[in-house]
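Good morning, everyone. Please have the viewer open.

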Amino acid sequence: MRRSPFTLVFAGLLALAASGCSWSRFDDITGDSPVLLLEKPGSMKAGFGVSLGTLTRNGQTSVLVGGAVGASGAALYDLGDGASPSTTALDVAYCSGGSAQCFLSSSFGAFANATSGGVSRPQCYAVGTGSVGTSGIVIRCSDATEYPLPVPPNALKLLDFSLRESQPYDYPMATDRTDDPVLLVTLPEQQMAWFYPSQSTKPSELSAPKGVLDKADKSFGSTLAVLTVGDTRVLAVGYPGKSEVLLWKTDGKSGSEYIGCLGGLSGLGRALAAGNVNTDDVNDLVISDASNVHVIDGQALATLPVTESAECSFSSLPEGALLGSFGCGSSTSTSNCEGSSFGAAVAVGDLDGDGDGEVVVGAPQMTVRGESAAGAVLVYDVETPADAAFAEVKFLSSAESSDALGSVLATPHIKGRDVIVAGAPGNGKAALFYCSSLLPHGAAGSRCP
Amino acid sequence: MFAPVSLGFFRRRSVLLLLLLALLAIVSTSALAQTKDNSSKRLEAIRSEMEKGQGLYVAGNYVGAAEVFEAGYTTYPYSAFLFNAGVCYQKQNDVDRALAKFKEYVKVDPNAPDVDKVNQRIATLETAKATALAAAAAAAAAATPAVTDGGVEADAGVVAPAPKPTFVLPSSDDQNAMKSLVVIETEPDGAPLRIYQRVDANAARFVLGAAANAGWKEVVATRAPANLTLDVGHYHVVVEKFRDFNASEADMAVSPGHVHQLKANLSQGQFMAFLRVSSNVIGAHVWIDDKKKEHPEWGETPHGELVPGGKHVVLVEAPGFEPLLSNVELEHGEQKELEVRMSRVNYGVLRIDSSAPSVNVKIDEQPKGSWRSGEEPLDARADSGPHKLVIESDGRKTFEGTIVVPRGQILPLRVKMIPKYPRGPAWTQAIIGAAFLGAAIYVGSESNRLYDQVKKDRESGALESSDSRATRGKWFAVGADAGFVVAGVLGGLATYNFVKDPLPESSVKPGKLLEFDDPLKARPVARVETKRRPLMDVAKAQPGPRLQLTPGASSTSGGLFLGGSF
C-alpha cells in the first residue's frame, strides 16, 4: 500500500516523540527514588531540618525533624518498616506552642518506651522545654500525649523565667538507643547537665571537678551523647568552646561519676555521636574537632576510672582506645573540603547492616556541583584503627547553594540496617538517604541500585 | 516635296519609335502570354472533362458518363462530346437520345472524317427502332379483344394500353468507342493540314511525298487551327508547304476519350510536343529546364503545355516537400504525362502561442525562442519525430511533454499555461512547523540531558524524589512531545499544501496540421495520403505526483499530450 508523504512525516515525528521524549520516564526514574525529601509542613514557618531525632519501636521507625531552635516546632515522620516511608509529616504538634508553651531544643531525646504517671507510652520524644501543666522538659508521644519532665531547681528558675519572659534557652538533649534509654540534658546557659535514668522522671545532675567549667564559656553541653556499654552508660558532654569533651558514667539507674575529660585538639567536641563502630557490640564515641573526626572505643571509655582531675587530654585513654581519626577526603563528587565545615555533625549507623556501624560526618559548607555551601554527608567505615576509610558521599541531587546539608544527622533503623537522615536547614530541607553503596546490589530493594 | 528635317529630329523620332516598338512588344508579349495561358487552361479543362467521362464509361457508368459528356459539350462545344454522349445513350438502349446526339454530331460537324460511319450508325439505330415499334404494335394488336357490333367491348372492359416497345440496340462499342478531341495548331495559323489514318495495322511507316502509302487513308483535309473528332487509332499529320515554310509531319496515336493537342512550329519546321506534369501535391511549382529557377515557373501541378521536343529537365517543388528533378524526353508531337511523387521533408514546424503573456520554448532542452502576447505565433523548427517539449512562463506551471513533430507540416500548438498554485500557506506552515520542530528538538535534548543526569544520580543513589531536574525534564519532555506533534501536524499540513494543487496542469492543444507557407502563392493543398498517426506520444515526461493527459486531435491525426510540472 502506498503511503502519502503526509502520513510518513506524521508517523515519523510521532515515533520520534514517543521514543525519545516520553515524560513518563521521569516518573519512572523518580519513583521509589533512593533519596526522599521529607515534606516541610506548612505550619512550620521558622526553619526546617535544624534538628533531628529518631527511634525504632517494634520495627516501626520514626523521625522527628525540628525547626528553628526556641522558635519553631517539630514534625514527626513515620518511616514505617520498609521501602515506602512516608514523606508527609504524621504529627506536627511537637513543641508547636499550640496548647502548651514550648521552646524547641537543638537536639532531641527519643524514647521507644516512656513512662509517665506509671503509664507506659510508646514512641516519645523529648523536644524542648515548656509548660505542660508544670514546667519542665516537654515529652510528646505518638499517642499525642504530652507530659513534662521536671528539671533541676536551678534550671527550673531559668525555665520559669524563660517561659514568663518568652525568652527561650536551648536545652540540648540526647538518649541512647536502647528500649529504655537514659535521657541526657544540658543547659549551656548555666553550664548545667543532668540525666534521667531509665524509666525515671527524676533528674540527676552531673557534677564536674573544680576548674573544669569556665563560667564565661557558654558552649558547655552544646553537644552531647549517651553511650551504652553493657550496663553502663557513658555520658559525653561537649565543651567545644574549650575544645573538650567531659565524660561521666552511670549505671543508668542512679547517679553518675565523672571519669575524665578529653581535650587537646582544636574545636574538639563540635559534634558528638554514639554508636557501634567496631565489632565489640558496645557504643563507641565519635568526636569531631575543627578538621577531623575521632572514634574512641566505648569499652575503653567505660573502663576509665573515676577522677577529680581537671586535666583534659587523650593521654588518659588506654592504649587502643582511639579507633581511628580521619579528615575530609575527596571523591569525584565532592570538592573543596577546605571550609566545608567537615564534622559539624556526626552520627553512627549500620548502613550496610553488617552489625557494626559506619561513621557519618556532615560537611554543611561543602561545595557540591558548583553550589557553594550545598553541603554533603560523608560516610567512613572504621573497622580498626588502621583502616578508617572513606566509603561514600551523600548529597542532594538537586543541591542548591546554602542548603547546608549535613548540619544535623540521624540514622534511623529500617529493616535491619540504618539509613541516613540529614538536615539542610539553609533551605529548609530534610533528606532521607535510603541507599548506601555499601549495601550489596539489590539488597535494599527497588529503590537502590 | 519633302521638308528639310534636322538630324536631331530624326534622332528623337528614332528614340520614340524604339520606345513605341518596345511598348508594343511588351503589350503583345503580355497579351500573347495571357492568351496562351488561357488557351492552355481551357484545353486542360476540356481534357479533364473528356478523361472524366471516359473513366466513367470504362467503369460502366454510362449514365454518369453521358452526363459528363453532355455537360462538356455545353461548356466546350466540340463534337466529340456529342458522339461520346450518343454512344453512352446507345449503351443505355436510349435510342431516341442516342439518335439525337448522333444526328446533332453530323449536323455540327458535317465534315467529320467519320461522318459516313456515323450516318450508318444512325440508320442502324433507326431501323432497330422501327423494328421494335412494329413488333410492339403487333403485340398490341394481338392483345386487343374482339369488338361487338355495337362497337362495345365484349367484356365491357377497359381498352388495354399498347405495350411500350422494347429496344435492344445493336452495340459493339467497347472502351475504344469513345472519340477524342484532337486540336491541331500551327505557328503561324492557316497552314493546310492533311491527316492520314492507318487503316492497316501492318502498314509501313507513312512517308511524305511517296506515291502511295499503303495501309494509310486520308481522313481529313483542312487548315489549322483545327479541332477534330477522331476515332481511336494511329494517324499521321502532315502540314503541307505553306507560304515560305516547308512541310512538316508527325505521327499521332489517338487514345479513347482524350484531348490531344499538336502544335507545329513552322519556323522550326517541326511539331511541338505536349508535356503534362502532375503530382501528388496539387499546386506544386514546376520549372522546365530551369534548375536554378531563374525564370518564372512553368506552371503548377497539374499542368500541361506544349514544349519543344527533346530532352527536358523538370523541377518540381512545393513547400514542405523535397524538391524533385526529373528528366523527360519528348519526341515531336508526342504527348507525355509525367507524374511525380513528392515526399515530405524530414522536418516540421511547431507553431506555438499561449494563453500566458509570454512563454519560453525549449525542444530537447535547447531554447527555441520566446513568444509574447500580441506577436505572431512562434515557429519552432525541429526534425520530424518525437521530441521533448518544455514550455515555461513566469508564475505558471511548466509544461513538459513529448510531442511528435510532423514531416513537412506545421503543427499549431495552443499552450494553456496554468498559474502556479500559491504556496504561501504551505511555506508559513512549514516555517512555523520547523520552528516548533527546532524548539521541540532543543527542549527534547534538554529533557534527555536532564534525564541522563537524573539517571546517573539514581544509579549513584543520590536522586531525590522531588528532584527539580526531574520535574523540569518532565515538562521539557511534555513540551518536546507537544512540539513534535505540532511540528508533525504542521509539517503534514505543509506537505499536503505543497503537494495539493487543485489547478489543472498546463496543457497543449494541438490544432489542425497546416502546410508550409508558400511564398509564391497561397498555401498548396497536399493530396498526400497519410496514415493516421498520433501527434503526441504518451510519454512520462518527469517523475512526480501530478500528471495530466490532454487529448488532442486534428482531421488527420490524433493523440494525447502528457504534461506535468512541480
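Start with the inside. The count is two cavities of 30 Å³ or more. By cavity I mean a set of points, on a 1 Å grid over the protein atoms alone, where a 1.4 Å probe fits but cannot get out. Lining residues have an atom within 4 Å of a point. Grid points are joined across faces, edges and corners, and a volume is the space filled by probe spheres set on the points.

Before going on, the ground rules. This is a predicted model: local features need pLDDT of at least 70, side-chain atom pairs count only at pLDDT 80 or more, and totals for chains, interfaces and linings use all residues. Residues are numbered from 1 along each chain as its sequence is written, chains are lettered from A and ligands numbered from 1 in the order in which they are written, and side-chain values use heavy atoms, with hydrogens and water left out.

Back to the largest cavity. Its space is about 120 Å³. It has 13 lining residues, and the closest to its centre are A:Phe111, A:Ala114, A:Thr115, A:Gln199 and A:Ser200. Which elements give two or more residues to this lining? They are β6 (101-116) and β9 (146-149) of chain A. The largest share, four residues, comes from β6(A). Strands here are DSSP runs of E, at least two residues, and helices are runs of H or I, at least four, numbered from the N terminus.

Over to the surface of chain B. B:Trp427, B:Ile431, B:Phe498 and B:Val499 form a nonpolar patch with about 400 Å² of accessible area together. Patch residues have over 30% relative accessible area and no salt bridge, and nonpolar side chains (Val, Leu, Ile, Met, Phe, Trp, Tyr) are joined within 5 Å, like charges within 9 Å. A salt bridge puts a side-chain nitrogen of Lys or Arg within 4 Å of a carboxyl oxygen of Asp or Glu. Areas come from Shrake-Rupley with a 1.4 Å probe; for residues, only the protein chains shown count as cover. α6 (424-460) and α7 (468-499) of chain B each supply at least two patch residues.

Next, B:Gly348, in strand β17 (residues 347-354) of chain B. Buried or exposed? B:Gly348 is buried, because its relative accessibility is 0%. The cut-offs: buried is under 20%, exposed over 50%, partly exposed in between, with a 1.4 Å probe and protein chains only. B:Gly348 and B:Leu411 are 63 residues apart in sequence, yet 7.7 Å apart in space, C-alpha to C-alpha.

Last, the backbone. The bond from B:Glu187 to B:Pro188 is cis, with omega near 5°. B:Pro188 sits in the loop between β1 (180-187) and β2 (192-198) of chain B. B:Thr301 and B:Pro302 are also joined by a cis peptide bond, omega about -10°.

B:Asp289 has a positive phi, near 50°. B:Asp289 is partly exposed, at 45%. For B:Asp364, phi is near 55°. This residue lies in the loop between β18 (358-363) and β19 (366-372) of chain B.

Technical notes. 1 Å grid on protein atoms, 1.4 Å probe; cavity = no way out; pocket = protein on both sides within 12 Å on 5 of 7 lines; lining within 4 Å.
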